[in-house]
There are 4 protein chains.
Amino acid sequence: MKRETFRYRGDMDLDGFLREMERVGALGAGRLGRAARILEKMWSSDDVTVLLTVAGPAVAGGLGELFERLIREGLVDAVITSGANVVHDALDALGGIHVCLGERNVDGYGRVHDTHIPTEAFEKFEHFMREVLSDLSGRVSCRELLWEMGKRLESGFLRAAADEGVPIYSPGILDSMVGLHVWIHSQDHDFHLDLVDDMHHLADLVFEAEELGAIILGGSVPKHFAMGAAMLRGGLDYAVQITMDRPETGSLSGAPLEEGKSWEKVREDAEVATIVGDYLIIFPLLASGVMQRLGIV
Amino acid sequence: MKRETFRYRGDMDLDGFLREMERVGALGAGRLGRAARILEKMWSSDDVTVLLTVAGPAVAGGLGELFERLIREGLVDAVITSGANVVHDALDALGGIHVCLGERNVDGYGRVHDTHIPTEAFEKFEHFMREVLSDLSGRVSCRELLWEMGKRLESGFLRAAADEGVPIYSPGILDSMVGLHVWIHSQDHDFHLDLVDDMHHLADLVFEAEELGAIILGGSVPKHFAMGAAMLRGGLDYAVQITMDRPETGSLSGAPLEEGKSWEKVREDAEVATIVGDYLIIFPLLASGVMQRLGIV
Amino acid sequence: MKRETFRYRGDMDLDGFLREMERVGALGAGRLGRAARILEKMWSSDDVTVLLTVAGPAVAGGLGELFERLIREGLVDAVITSGANVVHDALDALGGIHVCLGERNVDGYGRVHDTHIPTEAFEKFEHFMREVLSDLSGRVSCRELLWEMGKRLESGFLRAAADEGVPIYSPGILDSMVGLHVWIHSQDHDFHLDLVDDMHHLADLVFEAEELGAIILGGSVPKHFAMGAAMLRGGLDYAVQITMDRPETGSLSGAPLEEGKSWEKVREDAEVATIVGDYLIIFPLLASGVMQRLGIV
Amino acid sequence: MKRETFRYRGDMDLDGFLREMERVGALGAGRLGRAARILEKMWSSDDVTVLLTVAGPAVAGGLGELFERLIREGLVDAVITSGANVVHDALDALGGIHVCLGERNVDGYGRVHDTHIPTEAFEKFEHFMREVLSDLSGRVSCRELLWEMGKRLESGFLRAAADEGVPIYSPGILDSMVGLHVWIHSQDHDFHLDLVDDMHHLADLVFEAEELGAIILGGSVPKHFAMGAAMLRGGLDYAVQITMDRPETGSLSGAPLEEGKSWEKVREDAEVATIVGDYLIIFPLLASGVMQRLGIV
């Protein structure tokens, strides 16, 4: 395939940019352009069950409302994410308080690089979690807990997931403030967080899928969990990943999707693309461009 | 502090190398040298409870026996790791089968970059897990499950942990082959993996610590889990992390330990050092050098 | 500043996307949004002399035509780049032959990751360079050599630079195929490449600037050369850099622009932004969006 | 090849560590172990001409004395480096002044991440350069200029190179303080820095080599220049590179040595190894371990 050169046009929208990247075809441009084409296939077919896996500070970095939109548009069928994203989504919904104060610690704030959350927000969150947990008892799956949280929030991707019945799995959630409150609550209540139950649920979803696709933002447990589930049906048919991790250290987070074929986590004939970059920039670009391509307004 | 220049000596051992790096003091050398000094403090005091957190392919990459040694020497009081490391430790103990076949997929093998595991090894592992799980019932914590695995293995860090009563926590274990077998087993048995129980256990360990230190290899859920626990007592007193992740994307994995102070995950006066590098090279160097310094033979 | 959440709109163009990133304000989004605002300032004022520094495979990766456009629009006043970009620009103009054959060596092609150039293209290039050099004698600066090349090419950024009288400096050019042919030619001709003369020229340009800005793609010698020249007037007033290099290793390539203030390469009150990412994706996005903002069609 | 596990020994020296890494064989350990074996071959044969290429802050980071040692031991036959390393070597020799003041700008100091040089040191350097340049006239190659500098310094790798007649090439030197002083001096003196002459000299060295090896620290112009020269004889026979750059962006700095085969910069049957890491840590480890292996005291 001939490599073309990028041509600026004053009327270029995001889809036009992605098409131009695909036309260029080389190196980073080619990877982005091919990823857009694969995402278009995932999103334009009713046969593809789409998993969105998210590690890293997606919500702190401003992507919560985009995830909400994807859920409401029916573009993702399940979300697998870290506890931190769940917490930040709830924090946003409970008062919208993230501020950008630069790369330094500031008294009274917890810091995520250049972005800060007032510690008092966590008191609200604690109060909120107590209410949520007080209405639950016995064995509760993670997706049920997160739906229960979503129902009580006025915005955010948890709320959208609750409204739309889209499962949110968070297999590593115990490392977060949700985990902390679950632990405290379960000390003197009949409450048991049943993370294994989510595996049943995801397995059913994967078995029933005609085709399976994944959008992988960052690596870590969410990526592992999705790829493990994909093994149950011989692997993913489509996958797009955006990562800053490199393959040579051997972590699954940085592993090329091609490597997944050796584990039957990715089908031999799957269409896959890896974009090397910060997904806080690349994903809104990619998702928005493909949504434009599909005529979503 | 004046920066010195590195001076070769024919009789330099690993401790000597780390001392020379500390003497140089600048950039990568300085970070390594300071990390060695902090690790020496953690390891030479009986008052410091030391958590080892491990994400990424530590065992596939050859560090299982070193972890075993650290446990047997009493140099780590708890290990927090991914399911994958647990699986690979058991695979090693069940037959010692990892081979290096280059950066390509090879029929009949699962691949971790340039290192391969025959798929038949996973059949042995399945058989092993069935035996382990058949002897357990009711609510079982992750550390109990892993001790039970360790008891049945002839080598590896799981065995050492079982022998020494050192807890292994693996809060994200459900993303792994252990998770898969737990899920299958719990479908028709009274078996419930109780990951929250490990939080009680770790909390006790942290509360009882006079001082708390962490050795952080890679980031991800193990790092988050340890730092979350450290919050319960106002933060870590000592920490050394080795990571390839960068801070600007905002992930906790790449976050400087300084940032942890804003969350009270790290004490204001803590001694901390971050080394940028592949821990499969840096950690055996660092750990061995400090063990030499302490006279361990 | 409050962090906002990214909001998709079906009619979003590239400028709209950059504005939305600025509105989000946090982490990668914030850095991109601020960079756009700084670039807008550089480009909308007649008082700012703008240096474009380019290391890495910009032209192989498809950016040659964009650079051409920037030169023709008067948006850059000088370009400082590697020999490789000069060579690939000429290769494109001499026949347009870059193909994408995947991440593997293919007989008869030189490879740049997933992009390939037939070795026969270099024969054309050799012939071309002989003609160029045969018309030159005595002391010739790099910018004069490159203008002479540009005049004989029908397209590309060298041609645009020759047409517009924009200097291209390539202080490390001897590491490239141009360097090779210069070396061969100067063995038996009175031809002397005078790279120091370009320093005079750039110094004049910098001294005459009311304000000085830099667009820094990758690091390496082009970045160093520009920042060294900026010292002559007390530093850059504006700078935007896009890099994958990290600061901790201490290379200038990965150094934050803030560090440049300690060398008076960047003014204390300069407006600067660093975007962490692959400039083959980020720069066409950023440049196109800001060109849209300025009404360039 | 079977992957082994790392085994600590209290009496392990640096060579023992590298051998243990080679025995492990997987991932980072394997790459380091293989690199040691290749370096051993380069250094133990009289037939191999060894080029050392150095980009990035090697001397600021403390490696100047190690380079000096390698030159004096006859382990490198030519050095290709950046202007910055030349400058810092001279600064060290003129007064030994680099201090580590942390990751912040400090008045009166130029900063390299966490390492600082007082600006007054550059006044000494200016005086030194004036003396050096006043004794030179006409066309002077870079290696001659650097030898002339070396002769007047009491220590450092420039001095060792001058003593031993080992050429130092610095094809991008004009981006540095040496470049600045050359430029100022040549404004009113008959002095012409002839960088092309170094290409003749390096070409002769390469043509006369029975076998050619390269130690590549960082990428950039030094790596490019060495690999370009290697093309003249069909490529390198041995190469070890240590880099933090990644291959996907397509820069030569991050390119695997395998890619060099497509350009005949590396022979098809060459022995090569890439280590991903900070060479300020990895290179002193690697070089010292192999020197121990060769019995150098």
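This is a predicted model: local features need pLDDT of at least 70, side-chain atom pairs count only at pLDDT 80 or more; totals for chains, interfaces and linings use all residues.
1. Helix 1 of chain D passes helix 2 of chain D in a left-handed crossing. Helix 1 covers residues 14-24 and helix 2 covers residues 27-44 of chain D; the two pack at an angle of about 120 degrees, and their axes are 7 Å apart. That angle makes helix 1 of chain D oblique to helix 2 of chain D.

2. Which residues make this contact in chain D? From helix 1 of chain D come D:F17, D:L18, D:R19, D:M21, D:E22 and D:V24, and they meet D:A29, D:G30, D:L32, D:G33, D:A36 and D:R37 of helix 2 of chain D. By class, the residues of this contact between helix 1 and helix 2 of chain D are seven nonpolar, two polar and three charged.

3. Helix 5 of chain A and helix 6 of chain A (residues 142-151) pack at an angle of about 115 degrees, with 10 Å between their axes. Here the crossing of helix 5 of chain A with helix 6 of chain A is right-handed. On the helix 5 side of chain A sit A:F125, A:F128, A:M129, A:V132 and A:L133, which meet A:L145, A:E148 and A:M149 of helix 6. The contact residues of helix 5 and helix 6 of chain A comprise seven nonpolar, no polar and one charged.

4. Next comes the sheet in chain A. Three strands of chain A form an open sheet with the order 3-5-4 and antiparallel pairing. Its edge strands are strand 3 (99-100) and strand 4 (109-112) of chain A, each of which pairs on one side only. Strand 4 of chain A is joined by four bridges to strand 5 of chain A (residues 115-118), and the two run antiparallel. Within this pairing, A:V112 has A:T115 in strand 5 of chain A as its bridge partner. Helix 5 of chain A, residues 119-134, packs on the sheet and touches strand 4 and strand 5 of chain A; the direction of helix 5 makes about 55 degrees with that of strand 5 of chain A.

5. Chain C deserves a look alongside. An open sheet of three strands in chain C has the order 3-5-4, again with antiparallel pairing. Strand 3 (99-100) and strand 4 (109-112) of chain C are the edge strands, each pairing on one side only. Strand 4 of chain C pairs with strand 5 of chain C (residues 115-118) in the antiparallel sense over four bridges. The bridge partner of C:V112 in strand 5 of chain C is C:T115.

6. Chain A and chain D can be treated in a similar way. Chain A is laid on chain D by a turn of 180 degrees and a shift of 0.0 Å along the axis, with an RMSD of 0.0 Å. For this pair, A:R246 is the residue of chain A closest to the rotation axis, at 3.6 Å (C-alpha). The same surface serves both copies, as 100% of the contact residues of chain A recur in chain D.

7. Finally, do look at A:M244. This residue lies in the loop between strand 10 (236-243) and helix 11 (257-260) of chain A. A:M244 and A:V276 are 32 residues apart in sequence, yet 5.6 Å apart in space, C-alpha to C-alpha. Which residues are in contact with A:M244 once its neighbours within four places in sequence are left aside? Within chain A they are A:G277 and A:D278. From other chains come B:R246, B:T249, C:M244, C:V276 and D:R246.

Notes:
Residues are numbered from 1 along each chain as its sequence is written. Chains are lettered from A and ligands numbered from 1 in the order in which they are written. Side-chain values use heavy atoms; hydrogens and water are left out. Axes are lines fitted to C-alpha atoms, for helices over the stretch in contact, and angles run from 0 to 180 degrees between N-to-C directions. Angles under 35 degrees count as roughly parallel, over 145 as roughly antiparallel, 65 to 115 as roughly perpendicular and the rest as oblique. A crossing is left-handed if the near helix is turned anticlockwise from the far one by less than a right angle, and right-handed if clockwise. Contact means heavy atoms within 4.5 Å. Ala, Val, Leu, Ile, Met, Phe, Trp, Tyr, Cys and Pro count as nonpolar, Asp, Glu, Lys and Arg as charged, and the others, Gly among them, as polar. Two strands pair if DSSP finds at least two bridges between them. Copies are superposed by least squares on the C-alpha atoms of residues with pLDDT of at least 70 in both.
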